[in-house]
Amino acid sequence: MISITVTAIVFGVIFLAELPDKTALAGLVLGTRYRASYVFAGVAAAFLLHVVLAVAAGSVLTLLPQQIVHALTGVLFLGGAAVLLLKKSEEDEEIRKPADQSFWKVAGTGFMLILVAEFGDLTQIMTANLAARYDDPLSVGLGAVLGLWAVAGLGIVGGKALMKKVPLRLITQIAAVLMLALGVWSLWEAIAG
């Protein structure tokens with residue numbers, strides 16, 4: 001059974017953490033050059049693969065005693081909050097434009113870009129942490145993939161408009177505060193448990 005609460009929490013955390021990421025900007029750049037639906041298909045497939053891997057890794061962590069899992073996820077969330085607060089804004093990276101703009105070439109470009117750029121990324125690590133924390137792989141996976149797809153869709157279709165209205169630094173700070181709260185909560189549960 002899928003928990004709406006867990007799905008919503010994961011969606012919010014992953015969505016906010018991914019917004020200031022370089023892949024949202026890469027999606028925006030690809031979306032301005034190619035057919036949006038082709039770009040989204042490739043990007044969405046890569047994010048789905050990343051979420052499956054992250055949830056599998058997080059599910060393995062649930063085999064450990066709960067206190068250790070809470071302590072580990074707490075430390076990792078605090079580390080993620082620090083990364084968000086300390087990272088400098090990234091410049092748009094140059095993306096090579098394939099000569100062939102067929103569905104497979106464009107979707108393949110989006111897939112490979114996200115596959116490489118997101119491997120071991122903060123949101124993938126956070127998804128694994130959330131899977132370990134909630135021990136609900138379907139709800140965590142659904143929330144994470146929907147959050148990543150939402151950011152990709154925003155980046156591809158309307159990223160420029162969003163960034164003009166909401167400062168990137170504010171989005172990053174909100175994501176860091178959420179991660180900080182989750183980290184403190186997890187550490188408190190490890191100590192109290």
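Start by selecting Ser139 and Asp136: their side chains are joined by a polar contact of 2.8 Å. The model on screen is a predicted one.

Keep Ser139 selected and look at the element around it, which is helix 7. Is Ser139 buried or exposed? Its relative accessible area is 0%, so Ser139 is buried, the cut-off being under 20%. Next, show what touches this residue, leaving aside neighbours within four places in sequence. Ser139 is then in contact with Met1, Ile2, Ser3, Val6 and Thr7.

**The whole chain**

Zoom out and colour by secondary structure. The protein has 8 helices and 0 strands, and from the N terminus on its elements read α-α-α-α-α-α-α-α. Of the 193 residues in the protein, 44% are buried. Among contacts with a separation of 6 or more, 93% are between residues 24 or more positions apart.

**The nonpolar core**

Now select Val10, Ile14, Val39, Leu130 and Val140. These residues have the most contacts inside the largest nonpolar core, which has 27 residues. Which helices each supply at least two residues of this core? They are helix 1 (4-18), helix 3 (36-61), helix 5 (103-118), helix 6 and helix 7 (137-165). Helix 3 gives the most, with 7 residues.

Apart from neighbours within four places in sequence, Val39 is in contact with Leu30, Gly31, Tyr34, Val106 and Ile156.

**The salt bridge**

Select Glu189 and Arg133 next. The two form a salt bridge, with 2.8 Å between the closest N and O atoms. The count for the protein is 1 salt bridge.

**Asp121**

From helix 6, step to the loop between helix 5 and helix 6, where Asp121 is found. Asp121 also counts as buried, because its relative accessibility is 11% and the limit is under 20%. Asp121 and Glu18 are 9.6 Å apart in space, while 103 residues apart in sequence.

**The nonpolar surface patch**

Finish on the outside of the model. Select Ile2, Phe11, Leu138, Leu142 and Leu146, which form a nonpolar patch on the surface. Together these residues have about 400 Å² of accessible area. Which helix gives the most to the patch? Helix 7 does, with 3 residues.

Leu142 is placed in helix 7. Its relative accessible area is 31%, which lies between the 20% and 50% limits, so Leu142 is partly exposed. Ile2, one of the patch residues, is also one of the contacts of Ser139, where the tour began.

Technical notes
Residues numbered from 1 in each chain as written. Predicted model: local features only at pLDDT ≥ 70, side-chain atom pairs only at ≥ 80, totals over all residues. Heavy atoms only, no water. Salt bridge = Lys/Arg side-chain N within 4 Å of Asp/Glu carboxyl O. Core = buried A, V, L, I, M, F, W, Y, C linked by side-chain atoms within 4.5 Å. Buried < 20%, exposed > 50% of the residue type's maximum accessible area, 1.4 Å probe, protein only. Helix = DSSP H or I, 4+ residues; strand = E, 2+ residues; numbered from the N terminus. Contact = heavy atoms within 4.5 Å. Polar contact = N/O pair within 3.5 Å; in protein donor to acceptor, adjacent residues only side chain to side chain. Patch = residues over 30% accessible without salt bridge, like charges linked within 9 Å, V, L, I, M, F, W, Y side chains within 5 Å. Areas by Shrake-Rupley, 256 points an atom, 1.4 Å probe, with all protein chains shown as cover.
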